[in-house]
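Please look over the sequence and the three-dimensional structure shown here. The report after them is written for a reader who is new to both.

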Amino acid sequence: MKEEFKSVEFAPGKTLSVETGRIAKQADGAVVVRMGDTMVLCTAVSAKEPKPGMNFFPLTVDLRESFSAGGKFPGGFIKREGRPNEKEVLSSRLIDRTIRPLWPKGYRNETQIICSVLSSDGKNDGDVLGGFGASAALHISDAPFEGPSAMVRVGRIDGEFIINPTISEKEESDIDLIVSGTSESVLMIEGEMDEISEKEMLEAIKAGQKSIEKLCAFQEELREEYGKEKREFEPEETDQELETAVRDKAESQIRDLVNTGLGKEAYSEQLKEIKDSVVEELTETEAYEEEEDMIKEILSTIEKERLRGMILDKKRRIDGRSPEDVRDIWTQVGYLARTHGSAIFTRGETQALISVTLGTKRDAQAVDTLLVEEDKNFFLHYNFPPYCVGEAGFMRGPGRREIGHGHLAERAIRKLMPNFDEFGYVIRVISDITESNGSSSMASVCGGSMALMDAGVPLKKPVAGIAMGMIVGEDDSVVLSDIRGEEDFMGDMDFKTAGSKDGITACQMDMKVQGISFEVLERALQQAREGRMHILEKMAETISTPRENISEHAPQFVRMEIEADDIGSVIGPGGKVIQTLQKETDTEILVEEDDERGKGIVTISANDLSKAEAAKERIKGIVGHLEEGATYTGKVKTIKAYGAFVEIVPGKDGLLHISEISNEHVDNVHDELSVGDEIDVKLLKVEHGGKLRLSIKALHNQNGE
């Protein structure tokens with residue numbers, strides 16, 4: 001194929017270019033997408049035959065960023081990219097969630113999308129380019145992809161929407177929203193925002209959709225000029241006799257069960273009994289003994305039809321709720337004895353156990369990616385152990401789902417966290433899902449907000465989240481508040497929104513069907529707001545404002561300023577002074593330079609505030625701020641006939657004259673002191689030249705001894 005190059009202006013001042021036919025010609029489809037000097041190679045390969053034994057669509061999406069794209073070396077000892085970082089995982093999920101709904105039902109051919117950021121200008125993020133390029137590569141390939149789709153980022157500065165803002169523009173923006181869709185409708189959204197209203201949210205989505213329409217039209221041009229003929233795909237037809245047999249045996253039983261109004265455990269148990277009975281009965285016959293998988297698939301279809309039908313016809317849900325109802329909520333804070341803050345948030349059969357740990361700046365998470373190098377001071381980690389859904393399984397590291405759910409909960413809360421200058425702790429939140437039946441990520445938001453307030457973190461406002469669903473019928477659409485697992489499985493939308501009483505801070509939406517109108521989306525947003533307000537009220541019954549004091553088990557710290565010229569004295573040769581000081585005072589000391597003010601900032605942390613204060617006094621001594629009349633704890637360094645030299649701060653000795661050891665006459669210093677003794681002394685005088693005169697006797701007299 002001859003290489004070709006085309007461009008499109010998809011938003012004011014925003015141009016995207018595509019090249020095909022030069023690189024990766026053996027892939028089913030390949031494009032290089034360019035914006036500015038950021039270039040992303042997107043390839044698509046889909047197997048010609050279905051994968052044996054596969055009962056779902058085996059789609060894999062990987063977006064990878066090479067440090068070389070930005071002219072950088074990877075950090076760390078091994079100078080090579082390793083497993084995907086969090087940014088790459090999240091970007092891959094965005095692309096996957098966009099293109100997964102756009103395949104014919106029953107397609108089981110293994111399909112892989114790889115998006116490689118080849119060049120980065122430090123201005124344009126490759127994630128949205130990968131989202132566009134993945135669709136373009138599929139659309140010009142012979143795979144039966146039912147696109148095209150496109151992905152854009154929506155920002156807003158001074159009330160004006162910006163499509164695909166640069167990195168610097170994104171820092172000024174009060175919205176960071178990814179919108180994906182086809183020319184007809186939105187398929188996926190995810191982002192964070194500064195407490196915006198539902199109306200503003202809808203306007204941002206509409207702004208993104210306009211550019212998506214142009215990008216989809218551009219892909220149609222690409223396909224017309226460079227596309228391959230699409231391969232034919234005919235889904236495997238269900239044996240009508242088998243389907244009739246399954247429906248005769250199971251349909252009435254499943255309909256009755258769905259209408260009973262049961263909780264998860266009872267419903268799942270009775271449904272399993274029905275399915276197992278039908279499978280066993282039919283597979284005992286010679287005609288259907290090899291059809292177990294197909295029987296199970298038909299049974300799942302019947303369940304889905306009955307559940308959807310009940311909601312559309314009766315506006316009643318599997319557990320008896322109306323579409324707007326939120327499940328029962330109970331909460332508790334301070335459950336864990338030694339964590340710095342904790343909470344239990346339970347909504348229906350979903351439960352999150354949250355812990356908060358406060359740390360010092362040394363505990364910050366170093367983030368080193370293609371576009372970002374920073375120390376992260378707030379992070380939320382989400383865990384989903386097998387027992388939370390009543391299963392046994394291997395405990396491995398966090399998967400893509402865990403990373404995605406944790407990131408969503410983190411960004412929902414992050415918008416209302418104090419900055420580091422206001423509350424100088426590094427904060428780690430852990431959400432362990434101990435029960436799960438729908439929307440554990442939103443339970444993590446609610447419980448995380450409560451645990452932070454329990455820890456005394458000055459959260460600006462409480463934050464709550466809710467997961468919405470939707471059932472689309474021929475003549476009606478029903479929006480569901482606080483969906484549970486079965487409703488997520490058989491529904492047409494999963495829409496999570498989180499925020500405070502004053503606005504939305506984070507959202508995530510996935511559509512399984514096309515053609516959802518903005519009117520229905522607006523209804524979902526308003527219903528979500530009502531649900532969020534209800535949940536916030538329930539949370540406030542337990543805790544509504546941060547505690548005045550942090551946990552006694554949290555590290556205590558003090559800060560002080562020193563002159564920049566004194567930083568070397570505090571650290572000492574090879575770090576000897578600061579290391580000695582930390583060891584002797586049982587503290588952790590961090591010294592940073594403030595170049596703008598020409599000062600040194602010293603942060604001292606300890607498990608006891610008195611230890612931090614003691615270290616502060618010793619640092620004052622090191623930098624020449626010793627106070628005459630103050631008491632210091634020092635160590636005897638040497639003994640002479642006329643007295644002892646005592647180090648009261650690292651590197652500074654004072655003379656304790658023999659006459660100042662005791663009120664009684666002392667003949668021999670060795671009778672009273674030994675090298676290495678730790679003693680309290682009073683600083684009598686700082687003499688010319690910085691010589692220090694110390695006394696034990698004056699201290700005794702002061703205390704009336």
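## Basis of the report

The model is predicted: local features need pLDDT of at least 70, side-chain atom pairs count only at pLDDT 80 or more, and totals for chains, interfaces and linings use all residues. Residues are numbered from 1 along each chain as its sequence is written, and side-chain values use heavy atoms, with hydrogens and water left out.

## Salt bridges in the structure

Side chains of opposite charge can pair when their charged atoms come close. A salt bridge is defined here as a side-chain nitrogen of Lys or Arg within 4 Å of a carboxyl oxygen of Asp or Glu. The structure holds 63 such salt bridges.

One network of salt bridges links E86, R97, E190, E192, D194, K376, E410, R411, R414, K415 and D510.

The pairs below are placed by helices (H or I, at least four residues) and strands (E, at least two), which are DSSP runs numbered from the N terminus. Their exposure is given as buried (under 20% relative accessible area), exposed (over 50%) or partly exposed (in between), with a 1.4 Å probe and protein chains only. A salt bridge joins the side chains of D125 and K87, at 3.0 Å from N to O. This pair links distant parts of the chain, 38 residues apart: D125 is in the loop between β6 (111-119) and α2 (126-140), and K87 is in helix α1 (residues 86-99). D125 is buried, at a relative accessible area of 7%, whereas K87 is partly exposed, at 23%.

In the salt bridge between K461 and D502, the closest N and O atoms are 2.8 Å apart. Here too the pair links distant parts of the chain, with K461 in the loop between α9 (440-454) and β18 (464-472) and D502 in the loop between β20 (493-500) and β21 (503-511), 41 residues apart. K461 is partly exposed at 22% relative accessibility, and D502 is partly exposed at 42%. D586 and K611 also meet through their side chains in a salt bridge, at 2.7 Å from N to O. Because D586 lies in the loop between α13 (576-585) and β23 (588-594) and K611 in helix α14 (residues 609-622), the pair ties together parts that are 25 residues apart in sequence. D586 is partly exposed, with 44% relative accessibility, and K611 is partly exposed, with a relative accessible area of 27%.

## L94 in helix α1

L94 is found in helix α1 and counts as buried at 8% relative accessibility. Which residues is L94 in contact with, leaving aside its neighbours within four places in sequence? They are M151, I178, M188 and E190, where contact means heavy atoms within 4.5 Å. E190 also belongs to the network of salt bridges named above. L94 and S180 are 86 residues apart in sequence, and their C-alpha atoms are 8.6 Å apart in space.

## Backbone features

G147 and P148 are joined by a cis peptide bond, with omega at about 10°. P148 is found in the loop between α2 and β7 (150-157).

E195 is a residue other than glycine with a positive phi, near 50°. E195 lies in strand β10 (residues 186-196) and is partly exposed, with a relative accessible area of 21%. K315, which is not a glycine, has a positive phi of about 55°. K315 is found in the loop between α7 (292-314) and β11 (329-333) and is partly exposed at 35% relative accessibility.
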